[in-house]
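My notes are below, in the order I took them.

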Amino acid sequence: DRLLEECVAPHLRVAVAIAVNTGMRLNTILTLKWSHIDFAKGEIANTSKGGKMIRVPMTQQLRSELLRYRENAVISINGWLIPSPKNPFACMRVDANFGFHTACRRAGIAKFTFHDLRHTFASHFLMRTKDIHTLAQILGHSTTYMTERYTHILDDAKREAMRIFEEG
């Protein structure tokens with residue numbers, strides 16, 4: 001919440017909102033087009049790092065952020081969600097300084113990268129749902145092997161499950 005408050009630039013706020021609500025990588029977010037966002041179905045279609053098409057349902061918070069952003073967004077010629085400020089035909093580049101580190105500093109968050117938002121999403125998703133298979137699909141992992149790095153989050157849930165099992 002503190003980080004989002006410090007994301008004063010609309011393109012930065014929407015990028016952070018997408019990352020924290022979907023776990024998408026920065027490159028994926030920056031290459032999204034408005035045509036990838038389906039408000040009727042409530043999902044964002046994107047291509048994973050491996051080239052596989054993924055459809056990620058939108059949270060209500062993300063939907064609201066996207067609608068707010070769309071009201072004032074500069075629509076690029078090629079339909080980029082976050083167009084390059086220098087080239088209307090291109091999306092913003094991954095190496096562009098688009099204010100993330102400044103927002104982190106203002107929010108009092110140290111040693112934090114944009115990719116950490118992907119881990120934040122994954123950890124919170126797993127803590128709330130305990131559904132590693134769905135998380136793997138959302139993150140674009142072909143198997144749960146890569147997703148298992150987040151299972152330490154479930155240690156307390158496993159202990160509670162064993163307690164319930166033992167009482168049963």
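**Entry 1: the chain.** I note at the outset that this is a predicted model. I looked up the elements and found eight helices and three strands in the protein chain. Read from the N terminus, their order is α-α-α-β-β-β-α-α-α-α-α.

**Entry 2: surface and burial.** I looked up how much of the chain is covered: of its 168 residues, 41% are buried. The accessible surface comes to about 10100 Å², and carbon and sulfur atoms hold 54% of that. I also checked the contacts with a separation of 6 or more, and 52% of them join residues 24 or more positions apart.

**Entry 3: H2 against H6.** At what angle do the axes of helix H2 and helix H6 cross? I find roughly 35 degrees, with the axes coming within 6 Å. Helix H2 covers residues 10–22 and helix H6 covers residues 115–129. On the H2 side I listed Val16, Ala19, Val20, Asn21 and Thr22 as making the contact. On the H6 side I listed Leu117, Thr120 and Phe121. Sorted by class, this contact has five nonpolar and three polar residues, and no charged ones.

**Entry 4: the cavity.** Rolling a probe the size of a water molecule over the atoms shows where empty space is left. How many cavities of 30 Å³ or more does a search of the whole structure find? The search finds one. The largest cavity holds about 60 Å³ of space. It is lined by 13 residues, and those closest to its centre are Met24, Arg25, Asn46, Arg118 and Leu139. The elements giving two or more residues to this lining are strand E2 (43–47) and helix H7 (132–139). By class I noted four nonpolar, six polar and three charged residues in the lining.

**Entry 5: threonine 113.** I then went to the loop between helix H5 (100–107) and H6, where threonine 113 sits. Why does threonine 113 count as partly exposed? Its relative accessibility is 39%, so threonine 113 falls in the partly exposed class, which lies between the limits of 20% and 50%. I also checked its distance to histidine 101, twelve residues away along the chain.

Terms used:
Residues are numbered from 1 along each chain as its sequence is written. This is a predicted model: local features need pLDDT of at least 70, side-chain atom pairs count only at pLDDT 80 or more; totals for chains, interfaces and linings use all residues. Side-chain values use heavy atoms; hydrogens and water are left out. On a 1 Å grid over the protein atoms alone, a cavity is a set of points where a 1.4 Å probe fits but cannot get out, and a pocket is an open set with protein on both sides within 12 Å along at least five of seven lines; lining residues have an atom within 4 Å of a point. Grid points are joined across faces, edges and corners, and a volume is the space filled by probe spheres set on the points. Helices (H or I, at least four residues) and strands (E, at least two) are DSSP runs, numbered from the N terminus. Ala, Val, Leu, Ile, Met, Phe, Trp, Tyr, Cys and Pro count as nonpolar, Asp, Glu, Lys and Arg as charged, and the others, Gly among them, as polar. Axes are lines fitted to C-alpha atoms, for helices over the stretch in contact, and angles run from 0 to 180 degrees between N-to-C directions. Contact means heavy atoms within 4.5 Å. Buried means under 20% relative accessible area, exposed over 50%, partly exposed in between (1.4 Å probe, protein chains only). Accessible areas come from the Shrake-Rupley method with a 1.4 Å probe; for residues, only the protein chains shown count as cover.
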